Amino acid sequence: MVDTLLAAWLIARKDLAIEFRTRSAFVSAVVFALLGLVIFYYSWDPTAVGVTDLAPGVLWIVFTFSGLLGLHRSFGVESADHAIDGLLASPVSREAVFLGKAMANLIFVVAVQLVAIPALVLFYNLPLGDIAAPLIAIALLAAIGLVAVGTLFSAMAANTRLGELLLPMLALPFFLPIVIGASQATAKLLSGRPIVEAGAWLKLLLAFDLVFVVAATLTYPFTVED
Amino acid sequence: MSSTISSGGPPIVEATDLVRAFGSRTAVAGVSFSILPGDCLAVFGPNGAGKTTLLRVLAGLLKPTSGSARVAGIPLPGGAQARSRVGLISHHTMLYDALSARENVSFAARLYGVRDPRTRVDESLQRMLMLERADAPVRLLSRGMQQRVSIARAMVHQPQVVLADEPYSGLDDSGARSLTALLGELQSSGTAVIIVTHNLAEGLSLATHAAVMQRGKFVRYETRDGIDPTSYVATYREAVASSG
């Protein structure tokens with residue numbers, strides 16, 4: 001297990017180093033997230049829909065789509081010149097490859113959130129106050145679920161000619177429970193309800209994470225071995 | 001022909017009636033061979049003959065459909081143990097172009113759990129005459145230099161078996177000579193080499209075993225004493241012509 005995690009971290013570090021050098025996916029995802037926030041802000045009449053009603057849905061829709069940009073890149077870097085063959089021919093387990101990719105994607109998605117959530121708070125003038133900690137917990141739970149499912153489908157889509165189209169088509173239906181759970185939990189917090197009222201949605205996110213982290217890790221080897 | 005003497009002992013790579021099919025298409029159709037440490041099997045054949053698929057099965061990237069294969073006595077697919085003994089060179093460089101040559105080779109060294117990776121990485125790059133450009137991003141290197149880095153990456157963990165799929169692809173004369181010398185050195189130190197190439201001269205100069213592959217089968221397979229370069233060229237040309 002320790003060997004698997006060490007190998008996974010090695011792969012994650014490599015992916016993050018590549019992203020740090022190129023910054024292509026991160027800049028795209030952040031720009032997309034900020035543009036999304038602006039577009040949604042001006043699409044609604046603030047006298048008809050309050051910002052606390054609007055913000056949760058906006059945040060998690062924008063977060064989901066901007067995350068897809070990073071997830072597509074995840075196995076895209078392995079496709080160029082068949083680098084994935086070098087990875088799979090090495091003695092690290094397939095599970096370590098998946099976990100490494102997922103770790104890098106999680107850091108990527110969290111980094112996008114670190115820009116998008118403060119931007120949302122500032123732009124929509126949200127009363128963050130003492131809900132910051134639970135909001136971070138929701139964001140983290142949502143990110144883990146999104147990354148687990150998205151990394152698996154990124155691996156599957158990378159080997160196809162229509163990967164860029166296939167990834168959203170495969171992943172978005174699975175993202176629905178995350179978007180719904182995170183939006184509902186965030187809405188409870190922003191409307192000033194006690195955190196226990198968001199408990200059911202948090203449990204849904206937690207259950208989704210547990211099921212899909214395990215399922216995706218165990219499924220990944222079958223996507224690369226035929 | 002190589003003058004390398006096999007070290008004897010049990011086969012380091014062994015295939016028996018090895019078959020690999022993709023749906024209804026059989027890429028490798030019952031291949032059998034056996035090589036010892038220090039041997040070099042050169043496989044020639046037209047495009048689509050199944051040579052690359054054979055190497056991918058031996059590298060642990062594909063599972064055999066039927067038959068059996070062993071690397072260092074480990075039945076394939078043998079998981080991490082078998083893969084750790086193999087170094088794979090391909091006409092694809094398998095490198096990350098945003099990373100430097102040194103970072104690419106170092107990443108491979110760490111994946112393989114190489115002890116003292118820094119020293120080994122430098123040695124490996126030096127051997128392929130790439131130490132001076134070690135810190136250059138791979139995307140800025142020429143195709144031939146990238147191939148040298150790719151070879152350094154495949155050798156960094158000192159594999160017992162080297163699988164080389166068109167390794168001369170993109171190499172200039174100097175690079176090709178370095179590679180032939182390196183493969184010769186590896187053989188001398190007991191590493192088995194299986195090389196797939198269209199370059200008959202280089203392939204046969206290393207070979208202790210040679211095969212011509214056509215439609216998934218070895219249509220000709222000989223060991224050291226039976227390899228006649230002239231007739232191999234003729235068989236190879238016939239195979240290429242008949243494949244069309």
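Visitor: At what angle do helix 7 of chain A and helix 8 of chain A pack?

Guide: Two packed helices are described by the angle between their axes and the distance between the axes. Here, helix 7 and helix 8 of chain A pack at about 150 degrees, with axes 8 Å apart. That makes the two helices roughly antiparallel. Axes are lines fitted to C-alpha atoms, for helices over the stretch in contact, and angles run from 0 to 180 degrees between N-to-C directions. Angles under 35 degrees count as roughly parallel, over 145 as roughly antiparallel, 65 to 115 as roughly perpendicular and the rest as oblique. Helices are DSSP runs (H or I, at least four residues), numbered from the N terminus.

Bear in mind that this is a predicted model: local features need pLDDT of at least 70, side-chain atom pairs count only at pLDDT 80 or more, and totals for chains, interfaces and linings use all residues. Residues are numbered from 1 along each chain as its sequence is written, while chains are lettered from A and ligands numbered from 1 in the order in which they are written.

Visitor: Which residues of helix 7 and helix 8 of chain A make the contact?

Guide: Helix 7 brings Pro177(A), Ile178(A), Gly181(A), Ala182(A), Gln184(A) and Ala185(A), and helix 8 brings Trp201(A), Leu202(A), Leu204(A), Leu205(A) and Phe208(A). Contact means that C-beta atoms, placed from the backbone, lie within 7 Å. By class, there are nine nonpolar, two polar and no charged residues. Ala, Val, Leu, Ile, Met, Phe, Trp, Tyr, Cys and Pro count as nonpolar, Asp, Glu, Lys and Arg as charged, and the others, Gly among them, as polar.

Visitor: Is the crossing of helix 7 and helix 8 of chain A left-handed or right-handed?

Guide: A crossing is left-handed if the near helix is turned anticlockwise from the far one by less than a right angle, and right-handed if clockwise. Helix 7 passes helix 8 in a left-handed crossing.

Visitor: Where is the kink in helix 7 of chain A?

Guide: Look at Leu172(A), shortly before the proline Pro173(A), for a kink of about 40 degrees. The bend at a residue is the angle between axes fitted to the seven residues ending there and the seven starting there. Just after helix 7, Gly192(A) takes a positive phi of about 85 degrees.

Visitor: How does helix 5 of chain A pack against helix 8 of chain A?

Guide: Their angle is about 115 degrees and their axes are 8 Å apart, so they are roughly perpendicular. The crossing is right-handed.

Visitor: How many residues does each chain give to the contact between chain A and chain B?

Guide: Chain A gives 21 residues and chain B gives 24. On the chain A side, helix 1 gives the most, with seven residues. That side divides into 11 nonpolar, five polar and five charged residues.

Visitor: How is chain B divided?

Guide: Domain bounds come from an automatic or database domain assignment. Domain 1 of chain B is 1–85 + 161–177 + 191–244, and domain 2 is 92–158. Their C-alpha centres lie 25 Å apart.

Definitions and conventions. Two residues are in contact if their C-beta atoms, placed from the backbone, lie within 7 Å.
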